[in-house]
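Dear colleague,

Please find below the structure that I am handing over to you. I would be grateful if you could look through the sequence and the model before reading the notes after them.

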Amino acid sequence: MFKKLGKGNKGDKIFQGLTLLLSCILPLTIITIFVILWRQSEISREMFGISFLWDPTWSNGDQVFGALTVIYGTLATSGIAILLAAPVGLGIAAYLAEIASPRINAVMGFIVEILAAIPSIVYGIWGFFVFAPFLRDWVVPPIQATLGWTPIFSGSFALSTVFTASLVLSVMILPTVASISRDVLNAVPNTQREGMLALGATRWETFRTAVLPYARNGVLGAVLLGLGRAVGETIALTYVLGNAQVMFTSLFQQGSSMAQAIASLFGTSTSDVLRSSLLEIGLILFLITFLINVGARLLVAGLGRQPSGINT
Amino acid sequence: MSSVTQRSGGYRRRRITDKIMTIVAYACTVIAVIPLAAIIFETVRRGLPAWDADFFTGLPSTYGDGGGVSNAIIGSLIIVGIAALMAIPVGVLSGIYLAEYGNNRFGDALRFVADVMTGAPSVVIGIVGYGVFVVATGNNAAIFGSVALAILMLPVITRATEEIIALVPSDLREASLALGVPRWKTILRVVVPTALSGIVTGVILATARAAGETAPLLFTVGTNSFTNLNPFEGAMAALPVVVYTQSAYRGDVLETAWGGALLLLVMVVLLNLTARIIFRGRSIR
């Protein structure tokens, strides 16, 4: 609308060009990251080929590395974390959007922000020195007593386990899920609620039948963003996961995730093969989080364009 | 739909379901507060004893009382400071582009890329930094870590700036343009000052996030146990990395790590509070 006014003004052209130029830095950076990861993982790609993705071997002695153990560890820990964090996060969002007074909302909003801002390293040392001993003393014995016969809870509990890591991750991603779900729920038009309440529905029924279906895609997006955060989480897991590249079967065993393996092994590695393998794992990790985030953003951004599932 | 239109006999049950679900929502919120309280309580309890004069003036050691973190505080200030110097101008101007000129395909793409990049795993940025800089120069340097942190900050600042600038009422732009002020001057003299408190808030939050990052610095900056003031050469200690290395030990050395963790926590809470106060104090309009 104002473009015509600006025409002919040199300053305008320079300014627009400058901002455009600087805007290109971000996309160029991402392309550079991809190119670097691709080129530097060459040794690993040529030695192990595409089967790198599903090879469970991890042997320093033979210098043979496969990514399956760390991919599996990543999926298991972040999968459990999101299963725990999604319902609780949605519950918080529902409380904040539907029940809480503005004042409580402000306080809780701040608490959630702080939780999201606590550095990963603080979660890590808290998880290892405080939370893991707490689990060992109070949570694991009753689980072993009742469910110890099942394979997934068998064996003895070391401090750094898949179980510990999954729980720490769920705490870490809870604020992400909660705050974005809250924004999504707040974006649901009030007419949705009013219509349902006018029909005599209770608050829960209103939420279940009129609010949640409307916000479904957005909430799913929030959960995916939480998953993306869990998949990329690094330093906290170097404390609580155990750095064991194995195909664990029990949650009380140690494991390893992609990001954690990179952080734990890259600095000390003297072998070019291992270093190249870790760079290839970094490439896979970057692609996975990229895809998860793309999916999440599409879902969150799609909210408001088309209400879905209302007539079901 | 059936649950709503049931006969009045179901009313009691519906009321009870409603009550239960309300309680569940309350319970979820309490569950979120417990870990926060536990983390703050334990970090203060274990970290505060480490906060003596030596902690703030001494150098870290892996034996004895664990020493202090003075070099790491200085190092973090240098590394994060340089990262902010790189990320803030680029991020804010990119945000201005998106808000003022970005109503096109490129703008949409850039917006999308920035959103997706806010979720990029920081350790990957770290090893890429290693692959580019450390491999080429054969040396660690603070500046490499600053670049990695700047890449993490850039999308956050860009999007925060755009969102705030988009909130500036167009009346202000129109009034300025109607007076014959060119567009670029309107943006810099009218739009940006109006949105300044919001932009500063976004910058503070992005900086706080970067200051707590460990993974991007591990392989690019490394760490050391003396004070290195040269950002272009040699390893430099940063607070999160020192916490990381010190926590591998026990006793008083570990206590120093907790002290560093407490310092990080205090910094995060203070920066978040500051951001809130700035934003509330002089918000838009």
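This is a predicted model: local features need pLDDT of at least 70, side-chain atom pairs count only at pLDDT 80 or more; totals for chains, interfaces and linings use all residues.

**Salt bridges between the chains**

Over all chains, the structure holds 14 salt bridges. Two that join chain A to chain B are described here, with the helices that carry them.

One of them pairs A:Glu205 with B:Arg14, with a distance of 2.7 Å from N to O. This pair crosses between chains: A:Glu205 belongs to helix α10 of chain A (residues 203-232), while B:Arg14 belongs to helix α1 of chain B (residues 11-47). Both partners are covered. A:Glu205 has a relative accessibility of 4% and therefore counts as buried. B:Arg14 likewise counts as buried, because its relative accessibility is 9% and the cut-off for that class is under 20%.

Another salt bridge is formed by B:Arg276 and A:Glu113, whose closest N and O atoms are 3.2 Å apart. It also crosses between chains, leading from helix α11 of chain B, where B:Arg276 lies, to helix α6 of chain A (residues 102-117), where A:Glu113 lies. Here the side chains are partly exposed: B:Arg276 has a relative accessible area of 24%, and A:Glu113 has one of 31%.

**Salt bridges within chain B**

Within chain B, B:Arg183 and B:Glu100 form a salt bridge in which the closest N and O atoms are 3.5 Å apart. B:Arg183 is part of helix α8 (residues 183-211) and B:Glu100 is part of helix α3 (residues 70-101), so this pair ties together parts of chain B that are 83 residues apart in sequence. B:Arg183 counts as buried at 15% relative accessibility, and B:Glu100 counts as buried at 10%.

Chain B also contains a network of salt bridges. Its members are B:Asp108, B:Arg111, B:Asp115, B:Arg159, B:Glu162 and B:Glu163.

The negative patch is formed by four aspartates, namely B:Asp52, B:Asp54, B:Asp65 and B:Asp252. B:Asp252 is located in helix α11, which covers residues 252-281 of chain B. With a relative accessible area of 40%, B:Asp252 is partly exposed.

The other patch is nonpolar and has an area of about 350 Å². It is made by B:Val266, B:Leu270, B:Leu273 and B:Ile277. B:Ile277 has its place in helix α11 of chain B. The relative accessible area of B:Ile277 is 60%, and this residue is therefore classed as exposed, the cut-off being over 50%.

**Cysteines**

The structure holds 0 disulfides over all chains. A:Cys24 is partly exposed, at 27% relative accessibility, whereas B:Cys28 is buried, at 8%.

**Backbone and loops of chain A**

Two residues of chain A have a positive phi although they are not glycines. For A:Gln63, phi is about 60°. A:Gln63 is found in the loop between β1 (58-59) and β2 (64-65) of chain A, and it is partly exposed, with a relative accessible area of 24%.

For A:Asn243, phi is positive at about 55°. A:Asn243 has its place in the loop between α11 (235-240) and α12 (258-265) of chain A. It too is partly exposed, having a relative accessible area of 28%.

Lastly, A:Thr146 lies in helix α7 of chain A (residues 120-147). A:Thr146 is exposed, with a relative accessible area of 52%. Its C-alpha atom is separated by 14 Å from that of A:Ser156, a residue 10 positions away along the chain.

With kind regards

Definitions and conventions: Residues are numbered from 1 along each chain as its sequence is written. Chains are lettered from A and ligands numbered from 1 in the order in which they are written. Side-chain values use heavy atoms; hydrogens and water are left out. A disulfide is a pair of cysteine sulfur atoms within 2.5 Å. Buried means under 20% relative accessible area, exposed over 50%, partly exposed in between (1.4 Å probe, protein chains only). Patches are made of residues with over 30% relative accessible area and no salt bridge: like charges are joined within 9 Å, nonpolar side chains (Val, Leu, Ile, Met, Phe, Trp, Tyr) within 5 Å. Accessible areas come from the Shrake-Rupley method with a 1.4 Å probe; for residues, only the protein chains shown count as cover. A salt bridge is a side-chain nitrogen of Lys or Arg within 4 Å of a carboxyl oxygen of Asp or Glu. Lys and Arg count as positive and Asp and Glu as negative; His and the chain ends are not counted. The place of a charge is taken as NZ of Lys, CZ of Arg, CG of Asp or CD of Glu. Helices (H or I, at least four residues) and strands (E, at least two) are DSSP runs, numbered from the N terminus.
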